[in-house]
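This report describes selected features of one structure, in the order of a loop residue, a strand, a helix and the salt bridges. Please read it alongside the sequence and the coordinates shown here.

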Amino acid sequence: MTHRKIKFPRALATALVSAILPTLSAARPNIVIFLADDQGWGDISGNGNISLSTPHIDSLADQGATIQHFFVCPVCAPTRAEFLTGRHSGRTGVRGVSRGQERINADEQTIADVFQAAGYATGIFGKWHNGSQAPYHPNSRGFDEFYGFTSGHWGHYFGPELEHNTRIVKGDGYVTDDFTNKAIRFIEKNKAAPFLCYIPYCTPHSPMQVPDAFWNRFKDKEIKQRHKQGENKAIAHNRAALAMVENVDWNVGRVLKRLDELKLTDNTIVIYFSDNGPNGRRWNGGLRGIKGSLDDGGTRSVFNIRWPGRIKNG
């Protein structure tokens, strides 16, 4: 593969739609898209991090392909807007992460609009961060089902108030697990018809909360790999972030396992990437900068894609 330094998300939606729509009458593949929040390029074992294990995220590259030089925006709402529309974030009206600057213009078309019009069931489970009320709400942007929250930041991750199709509901347990549960139900419900299932997690974004089973793996662990720009004293933060990434990986594995059980794997495109660089100075493969920085450390993201039989393994 030729490596070029290109900002892919602005063209990703358009490219994906262009590649798939001609095959709708035949293959009509399902699509599952995982988007992590504040996960750095170096926050997976597949990119050389020895402090954690992400076998399920890594498996998408082993069984499909990885883009080694994949670039996003340095903060989250613009990346999400570019992915959803296939256009530069500034053209969509998204210029920041708060004060209304995160809303995608009402006249923009999203990838969900396109697939919904093509007869796909469309669902989003997690963090939206591209507008909170109609006509900016996910249910107004092509998604049949929405479960999660629309803002860019949530204050508590265990049983918080969330939203289900504009109705306020009580979350069920840890948010990342809860979002995954709802996504799996959506897949089960629509297993006989093509679906677009978008799972934008809100972790490892703060607050640095994670179930004990994952935190206990890291609370006393020596972190040997550090950020290149000096000693990082926020070791507890780093440990929590790595624990949260392992939780994300576990949840990715749950979805992949259910696709296998439902015999949907061969006809499902699965994509995994992150919205910006890491939310702290932790090991990131020697890259300079973190979230919010225009350096590679703030903009380079993992990108793995699997489509059995269509994308060559490895």
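## Lys219 and its loop

Lys219 has a relative accessibility of 37% and therefore counts as partly exposed, a class that lies between buried (under 20% relative accessible area) and exposed (over 50%), as computed with a 1.4 Å probe on protein chains only. Lys219 is found in the loop between α7 (212-215) and α8, where helices (H or I, at least four residues) and strands (E, at least two) are DSSP runs numbered from the N terminus. Although Lys219 and Gln229 are 10 residues apart in sequence, their C-alpha atoms are 24 Å apart in space.

The model is a predicted one, in which local features need pLDDT of at least 70 and side-chain atom pairs count only at pLDDT 80 or more, while totals for chains, interfaces and linings use all residues. Residues are numbered from 1 along each chain as its sequence is written, and side-chain values use heavy atoms, with hydrogens and water left out.

Of the 8 residues of strand β2 (residues 30-37), 8 are buried, so the strand is largely enclosed by the rest of the structure. In a regular strand the side chains alternate between the two faces of the sheet. Both faces of β2 are covered, with Asn30, Val32, Phe34 and Ala36 buried on one side and Ile31, Ile33, Leu35 and Asp37 buried on the other.

Strands are taken to pair if DSSP finds at least two bridges between them. On this basis β2 pairs with β10 in the parallel sense over 7 bridges, and within this pairing Ala36 stands opposite Ser274 in β10. Strand β9 (residues 195-204) also runs parallel to β2 and is joined to β2 by 6 bridges, with Ile199 of β9 as the bridge partner of Phe34.

## Helix α2

Helix α2 spans residues 55-62, and its buried residues are Ile57, Asp58, Ser59, Leu60 and Ala61. The elements that cover these buried residues include β3 (65-66), α8 (235-261), β10 (268-274) and β12 (303-306), where contact means heavy atoms within 4.5 Å.

## Salt bridges

A salt bridge is counted when a side-chain nitrogen of Lys or Arg is within 4 Å of a carboxyl oxygen of Asp or Glu, and by this rule the count comes to 11. In one of them the side chains of Lys291 and Asp38 meet at 3.0 Å, N to O. Lys291 lies in the loop between β10 and α9 (296-299) and Asp38 in the loop between β2 and α2, so the pair ties together parts that are 253 residues apart in sequence. Lys291 is partly exposed, with a relative accessible area of 27%, whereas Asp38 is buried, with a relative accessible area of 1%.

Within helix α8, Glu261 forms a salt bridge with Arg258, the closest N and O atoms being 2.9 Å apart; the two residues are 3 residues apart, about one turn of the helix. An α-helix has 3.6 residues a turn, so residues three or four places apart point the same way. Glu261 is partly exposed at 44% relative accessible area, and Arg258 is partly exposed at 24%. Arg288 and Asp295 form another salt bridge, with their closest N and O atoms 3.2 Å apart; Arg288 is partly exposed at 48% relative accessibility, as is Asp295 with a relative accessible area of 28%. Finally, Asp37, Arg80, Lys127 and Asp275 are linked in a network of salt bridges.
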